[in-house]
Amino acid sequence: MSALTPTVIETRKLRKVYTPNDIAVLALDDISFAAEEGSFVSLVGPSGCGKSTLLQILAGLISSSSGEVLVDGAPVRSPMPGKIAVVFQDATLLPWKTVIENVEFPLEIQGVRSAERRQRADAMLSLVGLADFGGRHPHELSGGMRQRVSIVRGLAQNPRIILMDEPFGALDEQSRLKMGKELLRIWSKTGKTIFFITHSLTEALFLSDVVLVMSQRPGRIVDVIRTGLPRPRTYDMVGSAEFGAARNRIWKLIGGDQTDADAGLTGL
Amino acid sequence: MSRASLIRFGAIAAVLVVWEAVRRFNLVGPLLLASPSDIVAAVVQSGPQFFRAFELTALEILAALALALVFGIGVGVAAGVSRFLGAVSGPILSSLFAVPLITWYPLFMVWFGIGSPSKIAYAVVSGVFPIALNTMNGIRHLDRRYLVYGRSIGCSRLQLVFRILFPLALPSIIAGLRIGLALIIIGVVVAEMLASVGGIGFLITSYRNIFEIGHVYLGILLSLLFALLANLALSAIERRFTLWRDLQASVT
């Protein structure tokens, strides 16, 4: 990525305080980062560190306590379906609608005319090889297929950014890497900016240009790693020395080895 | 005709023959039991009268159903969406559901007169609670993640209610409708039997008073027909709107 690539998403000193039962809990603190247009950015961190909270703030679904999120330079205060699509861990496909109706639904909400909707949905389903499944209902598909439809549904919104909250979290390691490759293929064809949450370090490194590493609660960004791996990515990169070194570095940062990680955090 | 349907028709024919024989040989007195031929005679004698009564009762049921749906779903959605309204109305709805409403019928007569309005009002009150309760529960227990998704694609509040919340709660609402419609049919017919000037229930009571047992049985059969028709309609609605939930449940 050159320095001239425009920034599409930027956060400035985001902070989120929850007050359940009148006791303030600091969930996120001082989150500042920028993602370049068309880049693949992952966010890793221990569970409960506030990854999903951050994603929901980026999506405009919940508000931050202070700081701001800018998309194309404009602050995000509510969902912006024309710019940001969200793909959730559970595919959340509407069970009473068919696959193609699910893909069309966000377009319908945006007010796209029905002929154009159908055309865009068809094109998107073909892109992921699900053109023949348009008439099926979600419960007739496998978990991986449902998640593919859910990604397609996000793409059909034609957003600038796709936020993904552990989309392959429910899949086994093998299907997960396969789905990852599929996602990279779709990403390279559409040129969207992807912000991807995962707890799998391998997945994060395999997919991303940039990996943001978050600490335990309160969530802070403790490292930004540019993976520097060439594209297209291949499975044997996962076994390379570089890959292993990067993986170990993150592992320590997020507290894989508790004493080391604690020492690392106090030093920050 | 298939073997199964042959057996079915045979069984029905056998029951009719035995039933007729029981009366012909006077094994049971004529005031206790009408034979199939008595019922046929009643149709021949008073067919148009029963037809008009059937029409009236059907209209009362439909009117009561429409009102119970509007009020039941309205109250149920409000109580399901708003935590405050739910906390206030939930216990009231549940306890009113168990009250023997028939004791209130004399009041309905005073308020609405002896004609159809008192039947409709009584049936609405009978049927509205299960519809409201099921709607409320359906909305309270639905998966919130769908609503988060809805917000992420820019749904307005109305769109969230009508495009996501309502379809998700529809299977519960239909389950409530199943109980509610049964109570509405019972409510209309019972109210007609107690005091009225028309309808199937009215004919049953009137002919019982003059010991026309064949006519009474015809009235009973026609009131069963309401239940049958309601069941057919509900099954069709369930096939159309709730099949996804059953299929989903069978997968996960």
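Author: Contacts of one residue

Setting aside neighbours within four places in sequence, Leu58(A) makes contact with Ile9(A), Val69(A), Val76(A), Leu163(A) and Phe195(A); two residues are in contact if their C-beta atoms, placed from the backbone, lie within 7 Å. The model is predicted, and local features need pLDDT of at least 70, side-chain atom pairs count only at pLDDT 80 or more, and totals for chains, interfaces and linings use all residues. Residues are numbered from 1 along each chain as its sequence is written, while chains are lettered from A and ligands numbered from 1 in the order in which they are written.

Leu58(A) is one of the residues that touch the most other members of the largest nonpolar core, a set of 123 residues. Leu163(A) and Phe195(A) are also listed there, together with Val103(A), Val213(A), Ala64(B) and Ile184(B). A nonpolar core is a set of buried Ala, Val, Leu, Ile, Met, Phe, Trp, Tyr and Cys residues joined through C-beta atoms within 7 Å. A residue is buried if 20 or more other C-beta atoms lie within 10 Å of its own, exposed if 12 or fewer, and partly exposed in between, with C-beta atoms placed from the backbone. The most is given to this core by α7(B), with 14 residues. Helices (H or I, at least four residues) and strands (E, at least two) are DSSP runs, numbered from the N terminus. In soluble globular proteins, nonpolar side chains tend to be buried together.

After α2(A) comes Gly111(A), with a positive phi near 90 degrees.

Most residues other than glycine have a negative phi, and most peptide bonds are trans. Asn158(A) has a positive phi, near 55 degrees, and is placed in the loop between α4 (143–156) and β7 (161–165) of chain A. Asn158(A) counts as partly exposed because 18 C-beta neighbours lie inside 10 Å. Asp30(A), in strand β2 (residues 25–36) of chain A, likewise has a positive phi near 55 degrees; with 15 other C-beta atoms within 10 Å, Asp30(A) is partly exposed. Between Arg217(A) and Pro218(A), omega is near 0 degrees, and Pro218(A) belongs to the loop between β9 (210–214) and β10 (221–226) of chain A. The bond joining Arg231(A) and Pro232(A) is cis, with omega about 0 degrees; Pro232(A) lies in the loop between β10 and α7 (241–253) of chain A.

The contact between the chains takes 17 residues from chain A and 15 residues from chain B. On the side of chain B, α6 (144–152), α7 (157–194) and α10 (243–251) each supply at least two residues. The largest share of that side, six residues, is from α6(B). By type, the side of chain B that touches chain A divides into nine nonpolar, four polar and two charged residues. Here Ala, Val, Leu, Ile, Met, Phe, Trp, Tyr, Cys and Pro count as nonpolar, Asp, Glu, Lys and Arg as charged, and the others, Gly among them, as polar. The predictor assigns the complex an ipTM of 0.87 and a pTM of 0.79. For chain B, the mean pLDDT (the predictor's confidence in each residue, from 0 to 100) is 89, and 97% of residues reach 70 or more.

Chain B is divided into domain 1 (1–31) and domain 2 (34–251), with bounds from an automatic or database domain assignment. Over C-alpha atoms, the centres of these two domains are separated by 33 Å. Their contact takes seven residues from domain 1 of chain B and five residues from domain 2 of chain B. The side of domain 1 that touches domain 2 has four nonpolar, no polar and three charged residues.

Helix α1 of chain B covers residues 3–24, and its 22 residues should span 32 Å at 1.5 Å a residue, which agrees with the 31 Å between its end C-alpha atoms. The expected span is 1.5 Å times one less than the number of residues in the helix. The number of buried residues among the 22 of α1(B) is zero, so the helix lies largely in the open. Ala21(B), in this helix, is exposed, with 11 other C-beta atoms within 10 Å.
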